[in-house]
Amino acid sequence: MTEFLVRHFVEDYENVEKMSVRTAYGVLSSVMGIFCNVLLFVMKWAVGFWLHSISVMADAFNNLSDAGSSVIGLVGVKLAEKPADEEHPFGHGRIEYIAALVVSFLVLQVGFTFFKDSIGKIRKPEMIKFQVVSVVILVLSIGVKFWMAAFNRKLGKRINSKVMMATATDAMGDVITTTATIVSILFFKFTGINIDGFVGIGVSLVIMWAGIGIAKDTLEPLIGEAVDPEVYVRISKFVESYDGIVGTHDLIVHNYGPVKSMASIHAEVPNDVDVEKSHEIIDRIEREAMKHIGIFLVIHMDPVETRDEQVLAAKDHVVQTIARIDDSVSIHDFRMVDGKEQINLIFDMVIPHEYNKDKQLELKRGLREKLKELDDRYRCVITMERSYVASAKK
């Protein structure tokens, strides 16, 4: 079913990096969300009204809020498609995240409203009517929501959309809440005990939890996320694939929407190669980065020693010593200033985010002591820094 809809309503559907194609996916997801959720709202509201069930009514209005969310998502996707202009040179892609954030507040508000209503039902419970057809309708709604979860998850993975993945999670939450509602109706049928208000509280809490999850997923890219390890490898390998580049480090990626990113990276070049030749290579990589990996890339050129055996041996001493002390630490930008009585080893040290000042001082002290055992003239000039890659947090 998903492939049928994609093939018939998304032109050039395989070209997911293209903004117009991404927008078409977003429109398809939103339109299906509006249609399915409005249909479910009408059915559940009628069932809830007939049964006098607050949990069913809460579930119905949750679907209505989902329909409203789809409308906001549709508007957000269309606005995010707007090209760059004088005021917004990086485009309008982040509007998609803002739209999802608005959706999360709507979901939270619906959950909080029915939380209050459920407390009222516990205090003053009403008799629940049992009808087989009503239960059948609710079971069918579970099937619809389960399909919507799978539908949005598949599209979300295809175009790397946090909004669609959040929608899929919300739909699975609806599956849980509707199941709980059916349980409360059947429990009343077979025991005569009305737990509708208590189930309504459970449903409202699930709805609010889904809202919090959506907010979290959409706030992260707005605040600024660490670089995804796969993106790190892809960009690093792309830059290092060019002749004349011997290594990379300090990759930073700024996200301006799901398909709009700007990145900066330090590229290491041999220090004995003519600077104009290295600069020409850097310029070519920057030009071709947008074409081949779809990223606006700015490259800082770092000349490094590749021939001097004394410098390379000293660097190897530092690398091996650090590995023995702490294998989660790495170095780059290594330079050596040789002297008769003192040899300065100058480098940047990349440490995990959780290392505090005391840990940093301990690490520096331990490294300096170990290196002095190798050569008493070694003096370390260390700049501490942290990685921007997500895996560094794990």
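Let's start with a network. E3, K154 and R158 are linked by salt bridges. Keep in mind that this is a predicted model.

Where do these residues sit? Look at the contact between helix 1 and helix 5. On the helix 1 side we have T2, E3, L5 and V6. On the helix 5 side they meet W147, F151, K154, L155 and R158. Sorted by class, the contact of helix 1 with helix 5 has five nonpolar residues, one polar and three charged.

Now the geometry. Helix 1 covers residues 2-9, and helix 5 covers residues 132-159. The two pack at an angle of about 55 degrees. Their axes are 10 Å apart. What do we call that arrangement? Helix 1 and helix 5 are oblique to each other. The crossing of helix 1 past helix 5 is right-handed.

Helix 5 has another partner, helix 2. Here the packing angle is about 165 degrees, and the axes are 10 Å apart. An angle over 145 degrees counts as roughly antiparallel, so that is the label for helix 2 and helix 5. This crossing is left-handed. By class, the contact of helix 2 with helix 5 holds 17 nonpolar, six polar and four charged residues.

Next, the loop between helix 1 and helix 2. V10 is placed there. Is V10 buried or exposed? V10 is buried, because its relative accessibility is 2% and the cut-off for buried is under 20%. Which residues does V10 touch? Leaving out residues up to four places away in sequence, V10 touches L5, V21, A24, Y25 and L28. Take L28. It is 18 residues from V10 along the chain, and the C-alpha atoms of V10 and L28 are 7.8 Å apart.

Let me go through some pairs.

One is E220 with K216. Their closest N and O atoms are 3.0 Å apart. Both residues lie in helix 7, residues 196-223. They are four residues apart, about one turn of the helix. E220 is partly exposed, at 31% relative accessibility.

Another is D272 with R307. The closest N and O atoms there are 2.5 Å apart. D272 lies in the loop between strand 2 (261-270) and helix 9 (275-293). R307 lies in the loop between strand 3 (296-304) and helix 10 (309-325). So the pair ties together parts that are 35 residues apart in sequence. How accessible are these two? D272 is partly exposed, with a relative accessible area of 43%. R307 is exposed, with a relative accessible area of 63%.

Then D375 with R377. The closest N and O atoms are 3.1 Å apart. D375 counts as buried, at 17% relative accessibility. R377 is partly exposed, at 30%.

To recap. Helix 5 is oblique to helix 1 and roughly antiparallel to helix 2. V10, in the loop between helix 1 and helix 2, is buried.

Notes. Residues are numbered from 1 along each chain as its sequence is written. This is a predicted model: local features need pLDDT of at least 70, side-chain atom pairs count only at pLDDT 80 or more; totals for chains, interfaces and linings use all residues. Side-chain values use heavy atoms; hydrogens and water are left out. A salt bridge is a side-chain nitrogen of Lys or Arg within 4 Å of a carboxyl oxygen of Asp or Glu. Buried means under 20% relative accessible area, exposed over 50%, partly exposed in between (1.4 Å probe, protein chains only). Axes are lines fitted to C-alpha atoms, for helices over the stretch in contact, and angles run from 0 to 180 degrees between N-to-C directions. Angles under 35 degrees count as roughly parallel, over 145 as roughly antiparallel, 65 to 115 as roughly perpendicular and the rest as oblique. A crossing is left-handed if the near helix is turned anticlockwise from the far one by less than a right angle, and right-handed if clockwise. Contact means heavy atoms within 4.5 Å. Ala, Val, Leu, Ile, Met, Phe, Trp, Tyr, Cys and Pro count as nonpolar, Asp, Glu, Lys and Arg as charged, and the others, Gly among them, as polar.
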